[in-house]
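Subject: Structure for your review: salt bridges

Dear colleague,

My notes on its charged side chains follow.

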Amino acid sequence: MMRQYELVERVQQYKPDANEALLNKAYVYAMQKHGQQKRASGDPYISHPLEVAAILTEMHLDESTIAVALLHDTIEDTTATRAEIDELFGEDIGRLVEGLTKLKKLDLVSKKAKQAENLRKLLLAISDDVRVLLVKLADRLHNMRTLEHMRPDKRARISEETMEIYAPLAGRMGMQDMRDELEDLSFRYINPEAYETVTHRLEELSKRNEGLIIKIEAELSELLLANGLLHAKVKGRQKKPYSVFRKMQSKSLSFEQLSDVYGFRVLVDDIAACYRALGIVHTRWRVVPGRFKDYISTPKQNDYRSLHTTIVGPSRQRIELQIRTKRMHEIAEYGIAAHSLYKDGESGTEGELLSRESNAYSWLRHTIESLSEANNPEEFLEHTKLELFQDQVFCFTPKGKLIALPRGATPIDFAYAVHTNIGDTTVGAKINGRIMPLVTRLANGDEVEIIRSGVQVPPAAWEEIVVTGKARAAIRRATRMAIRKQYSGLGHRILERTFERAGKVFSREVLKPVLHRLGHKDVEDAVAAVGRGELSSLDVLKAVFPDYQDERVTVKPSTDDGWFNMRSANGVMFKLPEGKKPSENAAGAGERAETAAPLPIRGFVGNPDVHFAPAGAVPGDRIVGIMQEGKGITIYPIQASALQKFDDEPERWIDVRWDLDLANKSRFSARILVNGINEPGTLAKVAQQIAALDINIRLLTMMRVAADFTEMAFDLDVWDLRQLNQLLTQLKELDCVATTKRVYD
């Protein structure tokens with residue numbers, strides 16, 4: 001375990017004027033608070049914050065950050081309070097320590113939701129001050145280094161979280177060395193067999209090629225020196241196990257087929273020397289086509305800059321070269337921690353200074369803003385993982401603006417990356433001057449021109465096409481707004497009829513003074529609540545006109561709100577409001593029925609048929625009836641996109657409700673899509689889950705959507721919405737299932 005004086009000496013080596021008193025005070029306070037606490041390894045708990053602080057000294061961070069590292073677990077694991085730390089160390093350090101403290105009392109059901117809420121809190125703290133991120137990554141790195149002392153189930157959970165969130169986050173912040181170590185440590189516990197196999201093969205290769213790296217280093221150094229690059233330094237390395245395994249997986253290669261296990265870095269004095277070194281190397285050895293990347297003229301979003309090339313070098317060995325300046329190398333190794341403005345900035349302005357210099361930090365703040373719009377914790381977690389993908393493609397707008405996107409991104413992702421409004425109104429795209437499908441995967445260097453329409457609403461199906469969290473969040477938000485608009489339109493018509501029958505005139509303006517009585521923040525919400533059936537139109541009327549007296553006569557209490565029963569072709573009962581013509585059937589109330597027996601809808605010729613839309617509807621859905629000539633009434637869930645084509649025909653809309661006979665329950669049709677792994681047993685597992693919930697499969701269609709995935713469309717017969725949602729939840733938990741969703745059209 002590192003000693004207190006050793007930590008102080010480390011800081012003073014790179015910052016001689018460091019505040020030694022602050023470091024000693026933080027150490028003593030942490031030691032007192034953690035007291036007799038032990039880690040799972042049996043070591044005193046204080047050893048952990050000391051090692052976290054030691055990791056940060058390797059990045060040459062200031063004494064305030066080192067003090068935060070010493071204190072980072074005190075609020076969470078001891079009797080320390082934020083107020084106490086503020087008093088002893090100042091509000092700045094207290095705020096950082098609180099930002100690193102997990103939320104203890106979360107009233108959430110799932111562990112995933114709790115994980116998401118803690119991650120949301122952490123990211124918000126990071127967006128306020130990047131030092132929170134640096135301490136958190138150092139904390140996670142030391143925990144991963146000592147993970148063997150934890151229970152196997154905790155090792156697996158922590159490793160998966162590290163691989164999915166913290167390693168990519170370190171990469172996004174340009175801290176490549178930390179990312180590599182976090183990935184390797186996680187790989188060891190997530191897939192121990194593969195880790196052992198790859199490690200063993202790398203050791204064998206190293207013994208077989210003993211001296212090869214030294215030989216290539218010497219030959220490259222001599223070549224550069226002979227051509228006038230006097231200060232060039234060459235350093236070789238063998239790739240790490242997880243990097244090798246990831247390449248084998250992504251390229252479907254065996255270990256023997258890998259030809260670039262070795263990588264070399266060339267460090268020179270300036271940018272001109274980078275390109276000069278590249279020319280020298282390319283003149284001497286043959287270049288592997290398609291393997292040159294210029295990240296100096298086009299830096300990555302995490303500020304990484306370097307020239308990458310692959311050559312068939314000395315001994316006819318295929319090797320990767322990275323050519324960069326010493327400053328570029330410092331940023332490549334330590335990322336956001338390497339920015340001089342951060343180290344030299346005054347307290348209270350460091351976040352502002354850093355955000356101006358670092359593209360990575362600007363990206364993080366922008367990403368957190370868009371992620372905060374997620375509808376629930378799980379959605380936030382999903383979007384965060386999407387945004388942390390490291391592999392990128394670089395595309396351009398017609399005006400030459402560079403847009404960086406995850407690999408596999410589509411023109412829809414591109415449109416949303418430019419601006420949310422552009423994404424929402426996208427109808428097509430030109431890629432390199434040619435009109436291409438919106439599902440086209442973009443490649444490096446593509447020029448993308450978005451074709452827009454002012455009346456476009458993004459289809460909900462786009463959510464399955466896009467790969468960025470920003471695009472997915474915007475599409476979900478637009479879908480929710482479209483559904484809200486439909487509810488609002490229906491609610492407006494219901495209120496118009498209710499006010500008309502009371503001899504009043506409805507307008508949205510009359511609702512503004514009574515919104516507080518209705519329990520809604522704005523008029524649109526209140527009107528939509530009427531459309532959803534959450535707010536009675538009569539209650540709205542009475543809120544606007546408190547003296548209004550309902551003069552309708554109730555004859556039988558067994559019928560309610562003036563709704564009449566009607567039977568569909570398959571015997572399902574619906575309630576429809578009484579009226580004398582189709583437009584009046586959209587009202588929310590009418591005169592009371594004089595009998596409880598099922599009655600035809602008045603005002604229609606004959607008794608029109610009532611039937612469901614193709615994808616069906618189930619009890620629990622908010623439903624709407626649409627009058628269609630020659631077809632009678634078609635029942636749709638309010639989420640159905642098919643309703644949009646009737647937006648301008650309000651006379652067709654009929655407000656309907658379920659009127660179920662609990663003594664004679666019926667099953668109802670619903671359609672779901674399941675995207676499953678294409679392997680033996682997938683269909684059997686899905687079907688078994690469906691049968692276990694007493695759900696009938698009426699029709700199944702399957703389509704191969706990728707080499708490894710098959711899309712299965714199930715037409716089901718279910719009892720109600722609760723049962724259907726339970727099925728979707730359980731299917732998502734199957735290892736063989738990638739995605740599930742309900743289809744409304």
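A salt bridge here is a side-chain nitrogen of Lys or Arg within 4 Å of a carboxyl oxygen of Asp or Glu. By that criterion, Arg145 and Glu181 form a salt bridge through their side chains, at 2.8 Å from N to O. This pair connects distant parts of the chain, with Arg145 in helix H9 and Glu181 in helix H11 (residues 176-190), 36 residues apart. Arg145 counts as partly exposed, at 34% relative accessibility, and Glu181 likewise counts as partly exposed, at 26%. Please note that the model is predicted.

In total, the structure contains 25 salt bridges. Another of them joins the side chains of Glu63 and Lys15, at 2.9 Å from N to O. Glu63 belongs to helix H4 (residues 63-71), while Lys15 sits in the loop between helix H1 (4-14) and helix H2 (20-34), so this contact ties together parts that are 48 residues apart in sequence. Glu63 has 10% relative accessibility and therefore counts as buried, the limit being under 20%. Lys15, at 24%, counts as partly exposed.

Finally, a network of salt bridges links Arg82, Asp86 and Glu98.

With kind regards

Methods. Residues numbered from 1 in each chain as written. Predicted model: local features only at pLDDT ≥ 70, side-chain atom pairs only at ≥ 80, totals over all residues. Heavy atoms only, no water. Helix = DSSP H or I, 4+ residues; strand = E, 2+ residues; numbered from the N terminus. Buried < 20%, exposed > 50% of the residue type's maximum accessible area, 1.4 Å probe, protein only.
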